[in-house]
Amino acid sequence: MSFWRALLGRSAPTKPDLDALFGLPSAAITLRAAAGFRPTGSGSVAFRASEGAAFADLEKDVTELLTAGDGPPVEQVTDDYGYTWIVVQSQNPAPEEGEKAEPDIAGLVTDLHAVNSTLEVNGYGPSLLCSLVGFRDDRERPLGLVYLYKRGSFYPFAPAGGTRRDNALELQVEAAIGQDLPLEKDRSRWFPVYGAPGL
């Protein structure tokens, strides 16, 4: 910490750590055991698209990279706020005999990491907003674990219909996965992402 930051009581902003995304498979196991939520197999990355051919080519390259060979289905959606979401569906591996097919959350996280890091290394890190992985429980309640790129932290988002959210569930999830992921301590930054693709 620099002298001036120490004197003024300011801390350096947290730097993005995309490798934190790889904590999601562990958090998914904890979340299933603690609250009965399972991954839906859907995830997304939100960013502010830039004007120009270079960025359009980069978006196309990212989509082609993910869908190459037998890659997962990918789509692009623009929300009401002008953010572009790249939505990725995981490939379900063949289940063992007598077991139900489960989404490949590790593969999904790898794909989301690839989208983020490709944009980052090409100079578009400041355009990144967040990444999201969707979950549902047996009652079909939706839940998203949201990674804030600029904060390097996660928070749970539990929409409850319309513009309502289930704050009690969000706090329950926060308590459950605190050992698995770096959680955002400033709850005022747990902004709602109603209708987010992938949720």
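## S42, a buried serine

S42 has 7% relative accessibility, so S42 counts as buried (under 20% relative accessible area, with exposed over 50% and partly exposed in between; 1.4 Å probe, protein chains only). S42 lies in strand β1, residues 38–48. Strands here are DSSP runs of E, at least two residues; helices are runs of H or I, at least four; both are numbered from the N terminus.

The side chain of S42 makes a polar contact with the side chain of Q89, at 3.1 Å. Leaving out residues up to four places away in sequence, S42 touches several others, including V87, L108, L132 and G198. Contact means heavy atoms within 4.5 Å.

## Basis of the model

This is a predicted model; local features need pLDDT of at least 70, side-chain atom pairs count only at pLDDT 80 or more, and totals for chains, interfaces and linings use all residues. Residues are numbered from 1 along each chain as its sequence is written, and side-chain values use heavy atoms, without hydrogens and water.

## The largest core

The largest nonpolar core has 38 residues. Within this core, L31, F135 and L145 touch the most other members. Elements giving two or more residues to this core include β1, α3 (53–67) and β4 (128–136). The most comes from α4, with seven residues.

## Strand β6

All five residues of β6 (153–157) are buried. S153, Y155 and F157 point one way; F154 and P156 point the other way. In a regular strand the side chains alternate between the two faces of the sheet.

Definitions and conventions: Polar contact = N/O pair within 3.5 Å; in protein donor to acceptor, adjacent residues only side chain to side chain. Core = buried A, V, L, I, M, F, W, Y, C linked by side-chain atoms within 4.5 Å.
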